[in-house]
Structure formats: C-alpha cells, structure tokens
Amino acid sequence: MTALTDPPKESFRLSMLIYDTRYRSMTIQVVALMGFMLLFAWIISNTLQNLSALGKPVDFGFLFEPAGYDINQRLIEYNSQDTHLRAAFVGLLNTLLVAALGCALATILGVIIGVLRLSHNWIVARLMTVYIEAFRNVPVLLWIVLVMAIMIETMPAPREFRGENPTASMLFGDSVAITNRGVYIPEPLFSRSLGDISVFGAFDISLDLIAFLVALFGGIYASKLVKRRADRIQAATGERPTTWHIRLGLVVIPPVAVLIALGFYLGYPELKGFNFKGGIHMRNSLIALWLALSLYTAAFIAEAVRAGILAISKGQTEAAYALGLSRSQTMNLVILPQAARVIIPPLISQYLNLTKNSSLAIAVGYMDITGTLGGITMNQTGRELESILLLMAIYLSISLSISAVMNWYNKRVKLVER
Amino acid sequence: MKKTVFLGALAVTGLAAGAAAAGTLDDVKARGKLNCGVTTGLAGFAAPDANGVWEGFDVGVCRAVAAAIFGDPTAVEFIPTTGKTRFTALASGEVDMLARNTTWTFTRDVDLKFEFVGINYYDGQGFMVPKSLGVSSAKELDGATVCIQTGTTTELNLADFFRSNNMSYEPVPIETNAEAQQQFLAGACDVYTTDASGLAATRATFENPGDYVILPEIISKEPLGPLVRHGDNAWGDLVRWTLNALIAAEELGITSANIDELRKGTNNPEINRILGTEGNLGEMLGLSADWAYNAIKAGGNYGELFEKNIGENTPIGLQRGLNAQWKDGGLIYAPPFR
Ligand SMILES: N[C@@H](CCC(=O)N[C@@H](CS)C(=O)NCC(=O)O)C(=O)O
C-alpha cells in the first residue's frame, strides 16, 4: 500500500462558484431552482391577491355544506341533504368503477386484438388493423358521444315493454331488459343475508360480499398450496400426483357453500310504473363511457401487445415448434409470458390514460368526480379554484396509486438478470 | 431585505391586476363591441336565426345595451354559455354581462358575487311530459326518470320537491337544452323539467307540440334577469337603467314606431328626460344624451320585445301574466327616471 498525502487544501473563494467547473453546474441549478420557486410564489400570491380582491378568498368550508342535488348512480348511500364532500366521494367511486371496468375490458380486448393482428389469416389481420387505426385516430370523446347516441336513439324506451302487444320484450327468459335508459340485469340477493357493516360510520359494506370473497380467495389460496405440494413431489420423485380435481373443488366448493348458506337467489328486473324496478341498472351513461373508453384504449393496448410479441426473437417460436408445441401452446406458454415484460410498462400508461379520459364522463352525464365535485358542486358554490385543486390532487393520487401497483407487478415479472 | 422589496412589488402588481377589473364601460368602448353571454339556443329567448343572426327576448336586452353605448344594436358579440359555464364566463371577464334565463338567488348574489340588475321575466319551474303517459299532476311522478340541466336552480328545486313529497326519481343530468330535448323526445326520460318559459319555448320547436303537456304545478319562483359582476357599480347602473328604460318606455307609451315623433319634444317631462331632450341622465351614466332613445329604438320597448319574441302571437305563445306592467296587474315596474 502506498501512503498518499492529500493535495493541499485550497481555500474556498466565492468566485469559484462561477469559475470553477466543479461548482459551476451546481450554482446554475441552484439559481434556476430559486428562479422557478420565485415564479411559483408569484403565481400563487397573485392568484390569492386577485381572489381576495374579487371577495372570494380560498376556503374549503363549502365541502361541509349540504349539496342539495341528487346523483343517479350511487355506490354508497347518498341523498341531497348530504354534504358536498360526500357527493364528491360518490363521484370518486363512480370514477373508480368506470376506470376499473374499463381497464379490465380494454386489457382483454387489447390482448386479443393485438395477437390477432399478427394472425397468418390475411383477412383477420387486416380487420384488426382497420379497427386499431379507426379507434386510435378518432378522439375518444366522439366515440363516447356516438355510443350514447346509439343507445338513446335505437334502444326501446321502457314504455314500449308495456301493454298487450309490446313492441319490445326482455331477453333471456325475462331476466335482462335493454332500454334506452340502460341495461337492467338480475341482481344477487340473499334470503338469509348477514346484513351490512358500517365503515367509519361513513358507508356500508355488505357482509355477504365479504363472506363470498373470503371463501373464494381462501379456496384459491388452498389450491395454490396443493399445487406447491405437487411441485415438490414432482421434483423429488419425478412423478406428479393428479391434483386437478382437488384444486377445482377447493376453488368452487367454498364460495358455492357460502352462497347456499346465505340463501342466494337472483332478483329480476320488472317493469313497474315509469321504469324497471329491481335488478342492477347499468345506466346508458355508464355503458357508453365504459364501452367507448375500453374500445379506444384497447386499440393502444393491442399495439403494445403486438410490439411485445414481435420483440421476442423468432428463434423462440421455432424452438417451441421444434419441441412439438402447437401454435396456440407456443403463444400461451412461450411467447406471451415473455412478451408480458415488454408489454407492462406501456400498459401502465394506457391504464393511466383511460382513468384520466374517464373525466370526459360529463359529455354523457355520467356522474363521476368531475361531474360532481368539478361540475355541479363547483357550479353551485362558485368555488372554482378550490374544486379544481382538489380534483387535480385526486386524479394525481389515483394515477400514482395505479403506477405504484403496476410497477410492483412489473418488478415481479421482470427477467431476473444474473 | 431584497426579498421583502420584491414580494412587496409582487403584492402591488397583484392589486393592480385586481383593480383593472373595474372600468368595464371603458373596456367595452375600447373594444368597440359588447360581449354578451346568452344561452346555447332557446327559441324565443336567444337563438341564431337562419342567417346566424341572434334574436330573442334576452338577445333584445343585449342589443339595447349595445345601442345605449354605441348607438348600434349590432355591436354585440353573443357568447353562448351553458348553465354550467355561464358564471365562470362572467366572473372571468369573458363576457361583460349575462342575459340568459338566469334566476336571481341569494347565493348567486351574495356568495357568487354577481349583481342582478333587474328582472325581465318572472318565471317558475314546471314539468313537461308526453301526453301518452297519462299523467296529470306532478305528484304522480314517483319513480320517473327526469331530464335536468346541470348547474341550474332547477336541479336543486327538483331534489327539494321530490324529497318533500316523499317521492323518488332518477335524475339524468344534461348540459344543454338541445341535448335534453333529444333525450326527452327519444323517451330516455319521462319528464323534462326547467323554467316554464323554457318548457314552452322548447315545446314550440317540437314536430308535434300537441303530443306533450306541461303539468299545472309550478314548484318554484324563478325571477330571471340580466346580471353583471360585483365590483363595478357604474357598469351595473348602466345595464340596470337600460332595462328600466325599456320597461318605462312601455309604461309611458314610447314605442319604436312613435319614438322619433316623441323625441321632437313632449309635455311629459319624464318622457323628455328618458329621451334626453331634458336633463342630463345620459351624461351621468357616461353615455350620450340619446342613450335610451337608441336602446328603445333597437328592438322596441319591453312590451314590444315580449310580443315579438315570446308573446301570444308567436309559436311560443306565452301570456303576459306576471310579466304585465304593474298598471295592468303584473309585476313589471320601473323606478322613476329623475
Ligand atoms: N333559471 C334557471 C334555469 C336556467 C336554464 O337552464 N334555462 C334553460 C332553459 S329554461 C336554458 O336556458 N337552456 C339553454 C341552453 O341550454 O343553453 C337557473 O338560472 O338556474
């Protein structure tokens, strides 16, 4: 080892901040940051000044006043005497609902279309290309409005189901009604219901649902354990015990048992008075928004899927064929699992886009968070700045949560490099 | 030290920006036209005709104000606003005034900080249903699907009405009158509710108006009038007294037909003061002496505007009712011009 003496310490002079290359870039960054912060402070102070000059100082107290308006689609209890805050929450749940439904459908459609676009069948591949180009190149707002207009203009009104010779009738043995106010489907009901529990005294969650989910996920978990045991036995002895019937039973029996214990039956929609009563009412605003967002986003996801598949080298396919795997086995067992790693990052941004695009809901009167907090509340209270700030914070949190979850998933499926 | 000076300067610029919001009349004059917020289209009240020229009862108020300022009733830019966008448009200065079926309420005045300069139509909220539904009273509407325009007093009244009568309903929120009409005609909602005048105007544009009835219940008071921002009283005065001039003109018998004759001089001092042949009322408003003459000449007095656009001889066919002059048993009343 050689002993090195430190170079003589230079005394620090202020001018070094500019002339010394070691410090210069730091100086520039600090100055730029300060400038940026000043600009920001100016914008904020200017806004506050002008608002108080208008006699409208920033104040979030309006959130605790009664809202005064009704909302048609409520996932939790709400009436017009509840606060604006609760109305905003009802809207938030509606946003999350359409975002979740949309992401699920868009993913399914996107994967199918993306794979079919690479089909060897010329017509199928061309059709998918047409689909993708049509949806990608027309603004999603137009799709939303178009689906809504089709629903309103072509579906029968509830009154056409009435009378001696109705011009419209229900489908699937009188269990589903498609009307221009939406689609009514049967709802699950329980004759020996466990009732609801109240969460923080703010809203109720059905215990029946919780019991069902616990049974379902418990079964899935148990089935995983069985699979692991089978893997272990196979590794040790080279022989795999047949487990499919045990695993199927573990997944199916507990939830079915819960359903029977709770006295499960279906409540069918029925025409009563002006509207269908009973069943689940999927409003046409929800359907229009859901379909249009899914079809639109599916086109982008399909492109991501195609890119992911093409990124897997052709040798993989050939190797799989050489092993005697069929075309669909090759796709499901070899290509797609590897392609997933390429697909997931763009998929995250498509999920984010879909969620943000759901704020176009107001075009069809779907009461999402933009329609409640950013629409009626903002308009009735005149609290534009406060509402918009809240909205931005909410969308930001939703987006960051989606990214966090998807990034976690991405880490799990990423190739572990050695 | 430096920082405080800088922030102080910021505060001053902030204040200056706020103060610049006053002086609307100067802004309008400098621009050479009035920006007037109207509906996106409601027959009889404000709608563009086949040539794209806006006309209607509310449009008449905008034109009268423009005529009072410029002597030219066409010096107006009409800016269509929905129930939702109208207040933002006014508060942000995008429009100088609103003449748009807007109800004067406590919160809009006090909390939203708007100044209603008067009332040009006394209205109330009503319900319209297809005749085939066989409904004859609003109390029979339990469970109905109702189309409403969002951002209006309508949706608040509706919630109150159904709640106090222990009835349920399914609200379908809609942005404009045109969309509401489309959904209502397609049967996507059973009921359309808005101001009774708006219902009459909407029904008049239907292919078969006779197939629809307006129910007898009027569930609210909807005094509709033009409004401006708080904070510029001189501008508020100008719009208020232009409206009053139209109303007083009807009361005093000044019409677009005889106004030129009357301007030569009459022995009624109030007419002379309005028409600017006596006194200096125009000057007090910062306008020329013939401001009211121009405003009345633009589309006629209040009664003429009413008859031409929404009166009994138009397809909309509204009676004067509450909107008759006070002398005739109505509520329309202008304070004295002196
Ligand atoms: N007077 C109520 C309702 C105003 C309103 O929405 N009026 C409708 C019809 S009476 C309208 O002007 N619609 C025209 C449009 O959609 O632009 C209010 O001020 O809130």
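Tutor: In what follows, a disulfide is a pair of cysteine sulfur atoms within 2.5 Å. The structure is a predicted model, in which local features need pLDDT of at least 70 and side-chain atom pairs count only at pLDDT 80 or more, while totals for chains, interfaces and linings use all residues. Residues are numbered from 1 along each chain as its sequence is written, chains are lettered from A and ligands numbered from 1 in the order in which they are written, and side-chain values use heavy atoms, with hydrogens and water left out.

Student: With which cysteine does B:Cys147 form a disulfide?
Tutor: Over all chains, the structure holds two disulfides. In the one that includes B:Cys147, the sulfur atoms lie 2.0 Å apart, and the partner is B:Cys189.

Student: Where in chain B do B:Cys147 and B:Cys189 lie, and how many residues apart are they?
Tutor: Helices (H or I, at least four residues) and strands (E, at least two) are DSSP runs, numbered from the N terminus. On that numbering B:Cys147 belongs to strand 9 (residues 144-149), whereas B:Cys189 sits in the loop between helix 7 (177-185) and strand 11 (191-195). The bond therefore links distant parts of chain B, and the separation is 42 residues.

Student: Is the disulfide of B:Cys147 and B:Cys189 left-handed or right-handed?
Tutor: The torsion about its S-S bond is about -95 degrees. Because of that torsion, the disulfide of B:Cys147 and B:Cys189 is left-handed.

Student: Are B:Cys36 and B:Cys62 buried or exposed?
Tutor: These two cysteines are joined by a disulfide with an S to S distance of 2.0 Å, and a torsion of about -60 degrees makes this bond left-handed. The pair connects distant parts of chain B, with B:Cys36 in strand 1 (residues 34-38) and B:Cys62 in helix 3 (residues 57-70), 26 residues apart. Residues are called buried under 20% relative accessible area, exposed over 50% and partly exposed in between, with a 1.4 Å probe and protein chains only. By that scale B:Cys36 and B:Cys62 are both buried.

Student: What pattern do the disulfides of chain B follow?
Tutor: The bonded cysteines are counted along the chain. Counted in that way, the pattern in chain B is 1-2, 3-4.

Student: How many residues surround the ligand?
Tutor: A residue is taken as near a molecule if one of its heavy atoms lies within 4 Å of it. The closest residues are B:Thr40, B:Thr103, B:Thr153, B:Asn177 and B:Asp195, and the number that surround the ligand is 21.

Student: How far is an oxygen atom of the ligand from an N or O atom in the side chain of B:Thr40?
Tutor: A polar contact is a pair of N or O atoms within 3.5 Å; within protein, one must be able to donate a hydrogen and the other to accept it, and residues adjacent in sequence count only if both atoms are side-chain atoms. A nitrogen atom of the ligand is 2.7 Å from a side-chain N or O atom of B:Asp195, and a nitrogen atom is 3.1 Å from a polar backbone atom of B:Asn101. For the ligand oxygen and the side chain of B:Thr40, the distance is 2.5 Å.

Student: Why does B:Asn101 count as buried?
Tutor: B:Asn101 lies in the loop between strand 5 (97-98) and helix 5 (106-110) of chain B, and has a positive phi of about 40 degrees although it is not a glycine. B:Asn101 counts as buried because its relative accessibility is 11%.

Student: Which helix of chain A gives the most to the nonpolar patch?
Tutor: The nonpolar patch covers about 1,100 Å², with A:Leu33, A:Phe60 and A:Met392 among its residues, the areas coming from the Shrake-Rupley method with a 1.4 Å probe, and for residues only the protein chains shown count as cover. Helix 2 (21-53) and helix 12 (384-413) each supply at least two residues. With six residues, the largest contributor is helix 2.

Student: Where is A:Val58 placed?
Tutor: A:Val58 is one of the patch residues and counts as partly exposed because its relative accessibility is 34%. Its place in chain A is the loop between helix 2 and helix 3 (84-117).

Technical notes:
Patch = residues over 30% accessible without salt bridge, like charges linked within 9 Å, V, L, I, M, F, W, Y side chains within 5 Å. Salt bridge = Lys/Arg side-chain N within 4 Å of Asp/Glu carboxyl O.
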